[in-house]
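Reader: I am new to this structure. Please show it to me, then take my questions.

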Amino acid sequence: MDRKLDFVYPAIIDAFSGVAGNISVQLNYKGYTPLVIANHFLITYYHDSKCSGFNWRHYNDDYGHFTDMHELVQKKGIVKALVEVLNLGFYVHIVLDHYYIRAAQRYQKFHFFHDCATVLGYNTEKEIFYTADNFVSGKFQVLEIPYRDIEMAREGNEEKIVEKFYFNNDIYYKLTPNKLKSLVRGYLDGQYYEYDAEQDKILAAEQNHNELYGILIYEVLLKQALKMEEENYFFDVRSYHVMFNHMNIGVLLIQWLQDTYSELAETIKEKDYLQRYTELAYKMNQARNLFLKLEVKYTKSGRDRLLELVKSTKEEEAELLEELYQDLDVCINPMS
């Protein structure tokens, strides 16, 4: 028997596997598109963890339902428990030790408990689970993982996360033009702006000095590239992953605006916003891949190409978003 739950793949988010799994489920339903944009467009750098991520301090998780499975797993074993909940239409979040996952980059090298993989199906003939995680080079993939690998990756670590989940299908999340303007302006200004939903107004917010926002993340990328020549340099690709994910959200944003606001559709077409953001995503993917190559073999010329690529991408995105910010006024005050 072969069973796969609906899962949008390749994933629009791939920097953090738990987030990637959630969004790959959410995007099965059009009603989630504005929420995905609101939660992931304004990216954030956290000084304490020295890592970029999404704007989690202001994240909306109201539509997800997550239930612990430890008791079921203890009673039936991990394989039977996973099959049972998948048959009921639940997805599963699970922490696995990649040391025992043959398809993983860290297989038989060192123990690595990644938070967390998403199990979305199984095949009884092959005895595999369809499992999504950042298995190789930090990139989110859906792979066929043998039952035995899953069992081994949990032995002695049964207390780690294993939960079934689903999202409301009848979501109603309203992303108003003003809310969108607060996201775009915040990204361009490198700040977080509060949004008053009742009054549909953008408000100044007290800034968290432990965080950087939006376009300031480019400075993080540039600093990471500049420090590559240092001895014992630690290559952390997550910020490049996150910026690439942001570009994909930008593409999703333009597509959503085009479908949602007829008064903007012609402007979007005339200014070629969709193609421009698609090209930005392509450039940032090039930067991400170049960063990964430099981890394997560093060259100064490669580093210089990376710096130029990041700088030009920043300039082009800033220009695009300044134009888009002004054009959003059409949605707020459309001509009669």
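Questions and answers on a sheet and some aromatic rings follow.

Author: This is a predicted model, where local features need pLDDT of at least 70, side-chain atom pairs count only at pLDDT 80 or more, and totals for chains, interfaces and linings use all residues. Residues are numbered from 1 along each chain as its sequence is written, and side-chain values use heavy atoms, leaving out hydrogens and water.

Reader: In the open sheet of 3 strands, what is the strand order?

Author: Strands are DSSP runs (E, at least two residues), numbered from the N terminus. Two of them pair if DSSP finds at least two bridges between them. The pairing here is antiparallel, and the order is 3-2-12.

Reader: Which residue in strand 12 is the bridge partner of Thr-44?

Author: Strand 2 covers residues 44-46. It pairs with strand 12 over 3 bridges, in the antiparallel sense. The partner of Thr-44 is Tyr-213.

Reader: Is Tyr-213 buried or exposed?

Author: Buried means under 20% relative accessible area, exposed over 50%, and partly exposed in between (1.4 Å probe, protein chains only). Tyr-213 has 1% relative accessibility, so Tyr-213 counts as buried.

Reader: How do the rings of Tyr-29 and Tyr-32 pair?

Author: Rings of Phe, Tyr and Trp (its six-membered ring) pair if their centres lie within 6.5 Å; planes under 30 degrees apart are stacked, over 60 edge-to-face, the rest tilted. The centres of Tyr-29 and Tyr-32 are 6.4 Å apart. Their planes stand at 50 degrees, so the pair is tilted.

Terms used
Helix = DSSP H or I, 4+ residues; strand = E, 2+ residues; numbered from the N terminus.
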